[in-house]
Amino acid sequence: MKTLIKIKPKDYKAGDVVKIDFMAMHPMETGMRKNKDTGALIPAEYIDEVKFMFNDTLITKMVIWESLSVNPLMSISFKVPGAGTLKVIAKDNKGQSVESTTQITPKG
Amino acid sequence: MRTLSITAALVCLALLGTVNAEEKLSMSDADKKMYAELLDNNPAEMDVAEGEQLFGELIGSAGYAKMLGVKEKDLPKYIAGFPRYVESAKRVVTLAHSIQMAAAANEKPVPKLESKEMVKISAYVKSLANGQKTNIDVKANKHMQEMMKLGQEVFEERRGGRGLSCNNCHSMDIVGQRLRMQPLPDLGAKETAAASTWPAYRMTQSQMVTLDKRMQQCMKNALLAELPLGSKEMVGLEVYVTNKSKGNTIAIPSVKR
Amino acid sequence: MERRSFLKGFGAAAACAMALPHVSSAAEEKKSGGPNEMNFETAVAAITGGKALVASAKVKMEAPEIAENGAVVPVKVSVESPMNAKDYVKAIHILASKNGNVRCANIYLTPANGEAFFGTRVKLGGTQDVVAIAEMSDGSFLTAKQNVKVTIGGCG
């Protein structure tokens, strides 16, 4: 599972509230679509849980349903306490899990 | 044929007129802003990142520039000129063709034009030209002139079960009128800039689509036989449509309905 | 047959291989809900445990009034809150009132977020309300909604 983490704005100080935009490449199949050629139902396959950790402390947990669009975006706010590691763990209903990290580097 | 053209025109006008009368159709500025924000986190972004990886494995920028006989720093401007005549191919080629040429030159498996791999790679390569103005030169030589002429013929030719041409919905006379709730776009206008904003993420398809594939999808819905990707007619059509967007700034991938 | 309506029917077929254009209504779009099927009332009860939902201006639900298509509908929710240990938004729940599985996301926040916000894109099976429920640290449930008209238009 390919992922992307973006911190907006790019430049921030400790104490600022930034946005964390997390995207994952995922088909988010609802289990209600039919294969055009065979007519068979395509099984449900979707990200069902996302955890955001900062320096190993859980800051946000998400329970996600198949209703999110393909290649889903999950965007939250984050008050920067200082420098550290942001880790995002995304899991899908098939048990596939991916960990992505990025450094939080406040300027001053 | 005269009867058919009158009917087609009446059909378009009646349909357009009826739809306009019905419900509130225009998107509010607030709605437009929300859709514009989709570009900040384009669902196709990760496909383009994969394209970069695949392109690197295939040949990479340095090798690609060398194959084309171009300085690597001039690649963005050069890419902004596709489709173009390439001497080593002895014909007008699309960006996708040039990627196939690169694969062959580097003795790597050649990606098929219809493949997802090709969509990702061509999107990445075209993104190198982001910020450049589409600078296709349809007068450059007789090959380009020939393809431009062919493209215009294809654009204007009525075919298929309903005798429709691209012009029925995309001529400048009809621009702005609504067909099934969507205002028909001016393919060359800055706001649409068709050739400068494809490949794009098509929301209704939940995937990234190239310009020629988009045109195939349009043909399918107008009940015209789809021209094969990479065929002479399709290349001509791409030349003609890209020329409409000449001078528009390339910004891909975009997000389209 | 009245000429205009005759031409309307013929026109749709001629210009486009698809059905007549319209703003989809929920009744037409109702299909089986899939493995996670759950209706609005049940989903709300699961969140609130039967406690009342209070419509509040503190909850800002942003979604387009007219959605170009149902596959990618942008949604943003903000809730006014100091987000400190004593007073914060515990969770933002997003529901699509007429989807087979109305549940879209349950976002469990902490004061570390600084602001109560969640943004995403959802799939909507047809015209319906997109509803935000904010679960507050004092045990109350605030809500706001936006009706989204999902258009089926264009030619392809």
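User: What makes a residue of chain B count as buried, and how many of the 257 residues are involved, in percent?
Analyst: The test is a count of neighbours: a residue is buried if 20 or more other C-beta atoms lie within 10 Å of its own. In this predicted model, 41% of the 257 residues of chain B pass that test.

User: What are the corresponding figures for chain A and chain C?
Analyst: In chain A, 34% of 108 residues count as buried. In chain C, the figure is 49% of 156 residues.

User: Why is A:N93 called partly exposed?
Analyst: A:N93 has 19 other C-beta atoms within 10 Å. Buried requires 20 or more, and exposed requires 12 or fewer. The count of 19 lies in between, so A:N93 is partly exposed.

User: Where does A:N93 sit, and which residues does A:N93 touch beyond its sequence neighbours?
Analyst: A:N93 lies in the loop between β6 (84–92) and β7 (97–104) of chain A. Leaving out residues up to four places away in sequence, A:N93 touches A:A44, A:E45, A:Y46 and A:D48. Between A:N93 and A:D48 there are 45 residues of chain, yet 5.8 Å between their C-alpha atoms.

User: How do you know what share of the contacts in each chain joins residues at least 24 apart?
Analyst: In chain A, 55% of them join residues at least 24 apart. In chain C it is 68%. In chain B, 70%.

User: What secondary structure do the chains have?
Analyst: Chain A has 0 helices and 7 strands, in the pattern β-β-β-β-β-β-β. Its C-alpha atoms fill a box of roughly 60 × 25 × 20 Å along the principal axes. Chain B has 12 helices and 7 strands.

User: What makes residues of chain A and chain C count as touching, and how many do?
Analyst: Two residues are in contact if their C-beta atoms lie within 7 Å. By that rule, 25 residues of chain A are in contact with 30 residues of chain C. On the chain A side, the elements giving two or more residues are β4 (57–64) and β5 (73–79). β5(A) gives the most, with 7 residues. By type, this side divides into 15 nonpolar, 7 polar and 3 charged residues.

User: Why are β4(A) and β7 of chain C called paired?
Analyst: Pairing needs at least two bridges between the strands. β4(A) and β7(C), residues 103–108, have 4 bridges, so they pair, in the antiparallel sense. In β7(C), C:I107 stands opposite A:M62.

User: Which strands form the open sheet, and what makes two of them edge strands?
Analyst: The sheet has 6 strands in the order β1(A)-β2(A)-β5(A)-β8(C)-β5(C)-β3(C), with antiparallel pairing. β1 (3–8) of chain A and β3 (59–62) of chain C are the edge strands: each pairs on one side only. The twist averages 15° from one strand to the next.

User: How do you know that β3(C) pairs with β5(C)?
Analyst: The threshold is at least two bridges. There are 4 bridges between β3(C) and β5(C), residues 73–79, so the two strands pair, running antiparallel. C:K60 stands opposite C:S78 in β5(C).

Conventions: Residues numbered from 1 in each chain as written. Chains lettered and ligands numbered in written order. Predicted model: local features only at pLDDT ≥ 70, side-chain atom pairs only at ≥ 80, totals over all residues. Nonpolar A, V, L, I, M, F, W, Y, C, P; charged D, E, K, R; others polar. Axes fitted to C-alpha atoms, helices over the stretch in contact; angles between N-to-C directions.
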